[in-house]
Amino acid sequence: MATRHDTAAPPAKEGGAAPGRPAAVPTEAEQRRRARLSRRWQRDKRWSPYAFVSPFFLLFLAFGLFPLVYTGWASLHQVELTAPTDMEWVGMRNYTRIFDDDFFWNAAKNTLTIGIISTVPQLLMAMGLAHILNYKLRASTFYRVAMLAPYATSIAAASLVFVLLFGRDYGMINWALHFVGIDAIDWQNDKWPSQFAVSSIVIWRWTGYNALIYLAAMQAIPQDLYESAALDGASRWKQFLHVTLPSLRPTILFTVVVSTIGASQVFGEPLLFDANKGASGGAEHQFQTLGLYLYEQGWVNQHLGRASAIAWTMFLILIVVGIVNYVISRRLRASS
Amino acid sequence: MRARTRTTRRVVVLAAVASLGAGLLAGCADDSGDDASDGSSSGSGKGKTTITLGLFGTMGFKEAGLYAEYEKLHPDIKIAENVTERNENYYPALLNHLTTNSGLMDVQAIEVGNIAEVVATQAAKFEDMSKVSGVDKSKWLDWKWSQGTTKDGQTIALGTDVGPMALCYRKDLFQAAGLPTDREAVGKLWAGDWNKFIATGEQYKKKAKAGTFFMDSPGGLINAILSSEEEKFYDSSGEIIYKTNPAVKDAFDLTAKAAEEGLVQAQTQFQPAWDTTIANSKFATIACPPWMLGTIKGKAKAEDAGKWDVAVAPKSGNWGGSFLGVPKSGKHVKEAEAFITWLTAPEQQAKLFKVQGSFPSTPSAYTMPEVTGAKNDMTGDSPIGTVFSEAAKTAPVQVIGPKDQIIQQGLTDNGVILVTKGKSAAEAWKTATKTIDNNLDK
């Protein structure tokens, strides 16, 4: 909207050097034409921006808001996948039953523990790797690409390979462990080993990604901070503690938030970790996450209403987690 | 001039917005457009009708040359298939297409594990195949025909293959354990009673080759026992009775006993580790429909060829098989009906067995040379066709229900497998029933 035709100066009529206001009053037709143009440009100015942003909103409406609202509506009904249009109103029953649904709370606990087992070591290792990569290394690009390779691997492929590695009878990890005198571990059927194994897939996949984010942030730290610290006699370790870490605080917060979101949605790894047991997450549901339980209820057991209620409950839990996260991060920022 | 370029630009932008929006709506509205490209387009063009089939797994019609043969018989027909690899992906999509009446092929395959649910909930969407000319109910095994038929007598799908179950056993391992190796004698060891089968296992264990088990997995055992029962999870009125049916509890307890005694491997079927136990000859018996011989052949080492044989199971049962139905909303209903009538006829089923190992569901195929002369590398010269034919004919007319799979999976993967990990049968039963009840609860 650079030029405004309605107010732009028309060419001077009387050949004067200085462009002035037209002396003569424009004709009736001319005035109407201008008014019409003016209205059109007004409309343009008013509505075009909406048109420009509409693709996002249309997409969001169709694939974001509508499913959200419809899921909410479905969660108040008893609906089966065999007849999705045949809904029977049950009010809040799908929500109230969640309170004494052992399987839901088991899945919630598993999501939390797998989340912690996978996120904490992942971020610590990412920090360490980033620190190493931050030194001048030969072939540093190679290392950086290598770090990102797991991230570019499909979850399905990675999980299937890990299943083989973690095999009880013929797995490579148990084979390696037997050299140090550890008996075969049943990675799929025992609770903590299975959670550790699922977490290890997550760790393997995301550590490099986080390391690169840390690395980028580290490279933005001014070199003179380190120099002056060195002049003050700070060791490498002290430099890391007192220069690197404080400068990385916003980045760490970012990775924590993103990893928390990722951990709450863990699905593909546990689903494929024991593919023959389907979505039940192991014989005793020992590594069934919330995402997996939702999938099991909706697509395996075909109870769309129950699955919708689980989805909404997950959503609410995530909002609570988000608020906690926000409060903590504000505290941290205030204290710095 | 400038105004004009602006207008043009605006038109372009509006067009872009409109087309994006339209694309969006089209995306939501109807996905039959894709299918039409291979489906109806040929309806007018060259005067050929294309029949489309929605299949899962490797059903093998194409590999057996049956499409080409039919196209030769009917020059105005073309056949195209659309295959989804795994039934667990195929089936939910099929349900979606049926309930929304869009995106359906002219012919849709249905797995035996889903047929009861489709019969119970989607029958109105399918043509009644029993009324099609050339379809003769008496050609099929009774139980196969009735699985695809509603209570009111509407047959929504015709049977293709079945999975008559026998027991495959390792002759060398049996011999090492001092058991007979002749298939007649082996069958007699446990004829008529699964308890005798377990007793044979105990006998095997006494002198077993070190490191080997009597059977492949608890899941395989409980499945074999259950599939030989007339009633398992549902009664004939359609009520779920799995928890109170003594046959189910007996099957569970017998399997748990076998697991406690170490007669079955602590494995889940079709997992990579289970595959490896085939290659490493770790077990002596496995419940074995014809297609299982294909699995064994695929996983076993070449040097084990001919070491297997097939004996009659204590009680015959069925494991696996499929159906073909014609949705009413298809584009070429009449042509599709005629095609699957031909495709499921005994002659074609026999040809399919020869190439694909899918066992015919039509008894008159059992006397055809493709079946009687069938051989498998793993079983040497054994007349496997005859053994499986016998099993097919004596398998019970089983009451099947919509949620059979969920119940059986619960009993297996959340039940008997736990006994191999040291849980008691009672604990395992509790975990299994709790899981199943939660999964069934709407």
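Let's start inside chain B of this predicted model, where 16 residues of domain 1 of chain B are in contact with 19 residues of domain 2 of chain B. On the domain 1 side of that contact, α6 and α7 (142-147) of chain B each supply at least two residues. Sort that side by class and you get eight nonpolar, six polar and two charged residues.

So where do these domains run along the chain? The assignment for chain B gives domain 1 as 38-162 + 321-369 and domain 2 as 163-318 + 383-440. Their centres, taken over C-alpha atoms, are separated by 30 Å.

Now for the inside of the protein. In soluble globular proteins, nonpolar side chains tend to be buried together. Here, the largest nonpolar core has 138 residues. Strand β4 (residues 157-170) of chain B gives the most to this core, eight residues. Among the residues with the most contacts inside the core are A157(B), A166(B) and C168(B). Take a look at A157(B): leaving out residues up to four places away in sequence, A157(B) touches I110(B), I115(B), F126(B), M129(B), G148(B), F323(B), L324(B) and G325(B).

Finally, let's see how the chains meet. Chain B and chain A each put 30 residues into their contact. On the chain B side, the elements giving two or more residues are α1 (2-29), α5 (87-100), α6 (112-122), α13 (272-279), α19 (404-419) and α20 (425-440). Which of them gives the largest share? That's α1(B), with seven residues. By class, this side of chain B divides into 14 nonpolar, 12 polar and four charged residues.

How values were computed
Residues are numbered from 1 along each chain as its sequence is written. Chains are lettered from A and ligands numbered from 1 in the order in which they are written. This is a predicted model: local features need pLDDT of at least 70, side-chain atom pairs count only at pLDDT 80 or more; totals for chains, interfaces and linings use all residues. Two residues are in contact if their C-beta atoms, placed from the backbone, lie within 7 Å. Helices (H or I, at least four residues) and strands (E, at least two) are DSSP runs, numbered from the N terminus. Ala, Val, Leu, Ile, Met, Phe, Trp, Tyr, Cys and Pro count as nonpolar, Asp, Glu, Lys and Arg as charged, and the others, Gly among them, as polar. A nonpolar core is a set of buried Ala, Val, Leu, Ile, Met, Phe, Trp, Tyr and Cys residues joined through C-beta atoms within 7 Å. A residue is buried if 20 or more other C-beta atoms lie within 10 Å of its own, exposed if 12 or fewer, and partly exposed in between; C-beta atoms are placed from the backbone. Domain bounds come from an automatic or database domain assignment.
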